[in-house]
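Here is my note on the structure. Please keep the model open as you go through the points.

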Amino acid sequence: MDVVIGLEVHVQLKTKSKIFCTCSAEYTKDVPPNTHICEVCTGQPGALPVFNKKVLEYGILLALATRGKINAVIRFERKNYFYPDLPKSYQISQYRAPLSLGGYIELKSGKKIRLERIHMEEDAGKLIHVAGETFIDFNRAGVPLLEIVTKPDISSPEEAVEFLMLLRETVRYLGISDGDMEEGSLRCDANISVKPEGQKELGTKVEIKNINSFKFVKRALEFEIERQTELLREGGKVVQETRLFNESKGITESMRTKEEAHDYRYFPDPDLVPIEINEDLIEEVKKGLVELPIEKYRRFIRDYGLTEERANILKSDLYLANFFEETVKKIGQPEKVANWLTVEITGISRELGIELKDSKLAPERFSALLGLLFEGRISRAVAKKLLKRIYETGEDPLEIVEKEGLTQSEGGLEPLVQKILEAHSEQVRQYCKGKEKLISFFIGQAMRETRGTADPVELKKMFEEKLKDACKSMD
Amino acid sequence: MKIEDFSIFEFSYLVKKRQIRPSIIVEHYLKNIEEKNDELNAFISINENVLDEAKELDARLDRGEELPVYAGIPLAIKDNINIDGMETTCASEILRGYKATYDATVIKKLREKGFLFIGKTNLDEFAMGSSTEFSAFGPSRNPYNPEYVTGGSSGGSAAAVAAKMAQAALGSDTGGSIRLPASFCGVYGLKPTYGRVSRFGLVAYASSLDQIGPLARNVEDIAILLSIIAGWDSKDSTTSNMPVSDYFEYVFENRKKEEYRIALPEEYWGEGLDEKVREPLEEFIGFLKMNRFKVERVSLPHTRYAIPAYYIIATAEASSNLGRFDGVRYGRRKMGRNFREMIENTRGEFFGEEVKRRILLGTFALSTGYYEDYYLKAQKARTLIINDFKNIFREFDFVLAPTSPTLPFKIGEKIDDPLKMYLSDIYTVSPNLAGLPALNIPVGTSDGLPVGIQLIGNYFSENRMLKFAYFVEKEYRR
Amino acid sequence: MKDIELVRYVAKLSAIKLTEEEEIKFSKQFAKIIEYFNTLNELELGDVEPVFSVLPLKNVMRTDSAEAKNPEKILDNAPDREENYFKTPKTI
């Protein structure tokens, strides 16, 4: 079966104020309900909208980043329907003259997922349903959104997830949104249909709503593909409908609402005037453009010889990617640096629950530390220990190493290993006779000598090698 | 001379010179309200604090304080304009008890100049009507004869001004709602250029047509009020940033007699104009000719499409603007088993018949399959109507037309025939569609009922219109 | 669509519950009013631009700054309120 998927993604913009009023756009759990509200965003009689320019700039930025064609004249229109979270009973959105048309996001495979359009609109309030009643909080009402609609170019759940990841990374790179699905600053509805392989005409599409994480995007689409495929195999028909993803059951369910007339009666909002987007404005906004995630990914592989996996992890977080490049600029060794960042730093960050960008670790300290390691002046174990410490304190690794005498002798551990084996020839003999447990004795000796600064794993490896040679010469 | 015969400017002078106390002015108007409002039903609510506010101004004068220039002069405000803390009902059951949470921009500006607000005036529910009969608070009655309507929708404001229950008033005009009642009640009423006055705080009926404007017994007061309420507003994206003239100064300081080129569009003066209205108006035209103004017949060929275009656009915008009255955040609520039932019950029960009719018509005009045939066509026809006027204003200063095709009609006469009622606006809707300023000038009476003429000017030509009106006010006696 | 069906349809879209008498009355009136609206069909409107705003205003925008608000007056008007929430009957 061929799978055809199109996405409608809502990205919430990180502005200070709402799209049409001067209320704070913050609405997180810490903000008490209905405090960031005013006559405009609660639809009081007589109130009028005034458009926030930042929203336009952010919208243009995303349109530029996705190579969309920005319309010269754009307008806002009213989308009319009744719902308790919609204070004016219409949403100010765009319809016939949206911000941009076309454009695309390129996947790692090189496949381009084309965009239908990008438009600006206002968010609705939040509803809480409790025992037959609905509670409404309008803090979110009027928070700016960009809606990104793709063409039906996506052909698997994996592609859908990759598209969303890239879109999220793009809006984060541009600094226009948190792009957080769990927090609702990135929301996704999916249209999906299946058809027999090679068939030209599209199958009946189903809209899936209420998908709140990347994991669920994949699961919801997989479930739906299976459901539709099964239906068709059994000679049944897919019904065009809207289905909700049920997180706990991992399935999509028909909304089964009574057939309510849907006719949004879009018309140009007479309270707002048209916006002309001229070249000057576009040039001004263009200054905010940055290298896109996919470009960075390709460059990291090409210029630094990183594996696809490493490059992918680094590009997924702009801060991490920049951290990587700054470190490499100081000490080279891109592969090793990438390894330390993607393995050790990721581990420490998870263990401490502190993200790299919130930690005390700066690229200067990090490269100084790795420098000590690469020069062999400290062991891997010391480096790891220090990294965790500096991550929390921001101390200078050179100072710590000197003050606390953590350097290992010139030439590394080898002379020490040699010395210990020479000093304990009896134990060496017993080891060679088969008493291999003695390896921990040797390691213990070495650890004592180095006051615990040496890496036991490294020591074990070295002792094993030396002993192997020693035993051979004994035979 | 009675207190009510003074103008705003004269009061300002007298108060400043301590020759009259604000409380005396307010008490006088309150007395008129007490005597006449029961019969005329011009006010929906009276500001109970207004006398205290005036006395506070007295006290400040006694302490030798400098007061704002128009301190203590009481205005009546149409009850679809928000005054913070006072009820705004829009003459609708659905808003009964609703307390406005902020001042409209016009109110804020007038307040800063010292004006007081004596009460909120009656209107057709949500300003939808031409007679002020469609009010949840009952019809207003014409001060000239209480059997007759005031015209609408700002009928309460027009009656309050005509019956001297306030110094002047604010109304709103979407398709004639200031000019028609001004004409029926024999007062001046101005609909400014679209975007000249902020709509922030005016409960929207049709956003692309609505304008707030003054109603008064003399041109001076209109000029002063317009000078104050006009201007760009950061809270209304559709206001113009064109500089505001000092209309008062333009009209009264510069004494030079101006020449006017006046167009009489044949579509406004043909069949359908009641002879009782025609007669005094033609007499007035004679006066203009005597003054050697250029007066010529012209044609505005798309006039016949103005009423259908207007009712399509106005109802379409209204259907969306009035969606917010759903019983969720404010206003009255009629319960139902769920949200959908609740809002359908609320809107079915508490909107009046005319409002429901217009919302349904507007919903129709915007719905799938009809948008292109009705809403879009109406907006295109509007372009043709605008072009008609643009052509005329290349050669003329003003267009002169009747304000109403008939004399004031009797209460109840047209209430059951919506189409007939809609045709009352036949001469007033075009300036709204084009966004042009238009002023009703009272020019006489027929059968004891007032007749007005409508002066339509080019965009932002209010200064010249008022100067013309002032000339008429001083020179024309029928 | 028959007149009465049209009235019922737009009443549903407008979320207005009509009585039977209203449905009948409106459908009669609408037939006449819509016929009158149809006079616009006499016009040749193919190339005519529709009006979006009567004044040549464009690009009216404000800078992105937030102000603290006083929500209490707004909450005070709620027909049904619990603490700081507006309340309605359930949506489903």
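1. Start in chain B. The side chains of B:R63 and B:E65 form a salt bridge, at 3.1 Å from N to O. B:R63 is exposed, because its relative accessible area of 53% is over the 50% cut-off. B:E65 has a relative accessible area of 30% and is partly exposed. Keep in mind that this is a predicted model.

2. Side chains of opposite charge can pair when their charged atoms come close.

3. Look at A:E77 and A:R96. They form a salt bridge, and their closest N and O atoms are 2.5 Å apart. A:E77 sits in strand β5 of chain A (residues 77-80), while A:R96 sits in the loop between β6 (90-93) and β7 (100-101) of chain A. The pair therefore ties together parts that are 19 residues apart in sequence.

4. Are these two partners buried or exposed? A:E77 is buried, at 1% relative accessible area. A:R96 is partly exposed, at 41%.

5. Next, take A:E159 and A:K111. Their side chains meet in a salt bridge, 2.8 Å from N to O. A:E159 belongs to helix α2 of chain A, and A:K111 to the loop between β8 (104-106) and β9 (112-122) of chain A.

6. A:E159 has 17% relative accessibility and counts as buried, because the limit for buried is under 20%. A:K111 has a relative accessible area of 27%, which makes this residue partly exposed.

7. Some salt bridges join up. A:R78, A:D269, A:D271, B:R199 and B:D236 are linked in a network of them. The names in this network come from chain A and chain B.

8. Now the helices. In chain A, helix α2 (residues 157-174) packs with helix α5 (residues 293-304) at an angle of about 100 degrees. Their axes are 9 Å apart. The angle makes α2(A) roughly perpendicular to α5(A).

9. Which residues make this contact? From α2(A) come A:L166, A:E169, A:T170 and A:Y173. From α5(A) come A:P293, A:I294 and A:K296. By type, the contact residues are four nonpolar, one polar and two charged.

Notes: Residues numbered from 1 in each chain as written. Chains lettered and ligands numbered in written order. Predicted model: local features only at pLDDT ≥ 70, side-chain atom pairs only at ≥ 80, totals over all residues. Heavy atoms only, no water. Axes fitted to C-alpha atoms, helices over the stretch in contact; angles between N-to-C directions. Helix = DSSP H or I, 4+ residues; strand = E, 2+ residues; numbered from the N terminus. Parallel < 35°, antiparallel > 145°, perpendicular 65-115°, else oblique. Contact = heavy atoms within 4.5 Å. Nonpolar A, V, L, I, M, F, W, Y, C, P; charged D, E, K, R; others polar. Salt bridge = Lys/Arg side-chain N within 4 Å of Asp/Glu carboxyl O. Buried < 20%, exposed > 50% of the residue type's maximum accessible area, 1.4 Å probe, protein only.
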